[in-house]
Amino acid sequence: MSSEILWYANRATGAVCLVLFTVVVLLGIAVRLRTRLPGLPRFGTVNLHRTLSLSATAFLALHIAMAVIDGYVNITVVDAVVPFVSDYEPFWLGLGTVALDLMLAVLVTSLLRERIGHRTWRALHWLAYASWPVALIHGIGIGTDTGTDWMTWLTVSCVAAVIAAFGIRLAHSARDSRRTPAALLRTAEGARS
């Protein structure tokens with residue numbers, strides 16, 4: 001495979017990762033809010049979140065493999081998993097490595113969810129929220145398409161969607177925290193009937 005093909009593949013998988021991980025974050029928020037997607041039962045939203053998470057992780061593995069295999073820039077496997085040690089763009093590549101490491105922690109704990117318990121899993125699952133903006137900044141800082149119209153619009157769209165979803169999530173949390181225990185009990189009883 002030529003270096004040019006690897007370079008294009010690396011760029012493409014990076015953009016696909018941005019879109020997929022954005023959708024994963026949005027679905028994660030939808031699951032937390034107990035939102036049903038049109039045409040899907042609630043468990044369908046959970047399954048879609050899990051499936052897209054694994055798909056996004058596969059694209060991330062492909063993105064990293066393309067960067068390591070491409071000889072144009074010397075990025076090693078160690079550079080891909082240990083933050084800020086690369087000779088090439090150590091800060092920007094290091095942010096990508098931090099995002100990868102956070103995502104690996106989320107993936108491993110999700111696979112071990114039954115063994116580690118829901119409370120521990122949930123606490124560690126918050127790392128997914130941290131990894132998304134770190135990966136986004138990595139892409140902005142090191143991406144060769146940064147500044148092109150299509151990448152700017154893609155990035156702005158992803159950021160706007162995540163900010164809107166977080167706003168909705170925060171509004172729901174604020175509303176739920178204002179509810180009295182009696183109102184929560186009535187809501188729970190209404191959901192059962």
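Modeller: Over residues 52-72 the chain is 86% helix and 0% strand, and the end C-alpha atoms of that span lie 31 Å apart. Helices (H or I, at least four residues) and strands (E, at least two) are DSSP runs, numbered from the N terminus. Please note that this is a predicted model, in which local features need pLDDT of at least 70 and side-chain atom pairs count only at pLDDT 80 or more, while totals for chains, interfaces and linings use all residues. Residues are numbered from 1 along each chain as its sequence is written, and side-chain values use heavy atoms, with hydrogens and water left out.

Colleague: At which residues does UniProt place the feature "transmembrane region"?

Modeller: UniProt positions are given in the numbering used here, feature names are shortened, and annotations may be inferred rather than shown by experiment. The unreviewed UniProt entry places this feature at residues 12-31, 52-72, 92-112, 124-144 and 150-171. The span 12-31 is 100% helix and 0% strand, with its end C-alpha atoms 28 Å apart. UniProt also lists residues 13-134, in an unreviewed entry, for "domain: Ferric oxidoreductase". That span is 78% helix and 0% strand, and its end C-alpha atoms lie 17 Å apart.

Colleague: How many helices and strands does the protein chain have?

Modeller: The secondary structure comes to nine helices and zero strands. From the N terminus on, the elements run α-α-α-α-α-α-α-α-α. Along its principal axes, the C-alpha trace spans about 65 × 40 × 30 Å.

Colleague: How should I read the packing of two helices, for example H1 and H2?

Modeller: Two packed helices are described by the angle between their axes and the distance between the axes. Axes are lines fitted to C-alpha atoms, for helices over the stretch in contact, and angles run from 0 to 180 degrees between N-to-C directions. Helix H1 (residues 3-32) and helix H2 (residues 42-69) pack at about 155°, with their axes 8 Å apart. Angles under 35 degrees count as roughly parallel, over 145 as roughly antiparallel, 65 to 115 as roughly perpendicular and the rest as oblique. H1 and H2 are therefore roughly antiparallel to each other.

Colleague: Is the crossing of H1 and H2 left-handed or right-handed?

Modeller: A crossing is left-handed if the near helix is turned anticlockwise from the far one by less than a right angle, and right-handed if clockwise. The crossing of H1 and H2 is left-handed. By class, their contact has 21 nonpolar, 10 polar and one charged residues. Here Ala, Val, Leu, Ile, Met, Phe, Trp, Tyr, Cys and Pro count as nonpolar, Asp, Glu, Lys and Arg as charged, and the others, Gly among them, as polar.

Colleague: Which residues make the contact of H7 with H8?

Modeller: Helix H7 (residues 127-142) and helix H8 (residues 149-178) pack at an angle of about 160°, with their axes 12 Å apart. H7 and H8 are therefore roughly antiparallel. Contact means heavy atoms within 4.5 Å. Tyr 129, Trp 132, Leu 136 and Ile 140 of H7 meet Thr 155, Cys 158, Val 159, Val 162 and Phe 166 of H8. By class, this contact has eight nonpolar, one polar and no charged residues.

Colleague: Which side chains meet in a salt bridge?

Modeller: A salt bridge is a side-chain nitrogen of Lys or Arg within 4 Å of a carboxyl oxygen of Asp or Glu. By this rule the count comes to one. The side chains are those of Asp 145 and Arg 11, at 2.5 Å from N to O. This pair links distant parts of the chain, with Asp 145 in the loop between H7 and H8 and Arg 11 in helix H1, 134 residues apart.
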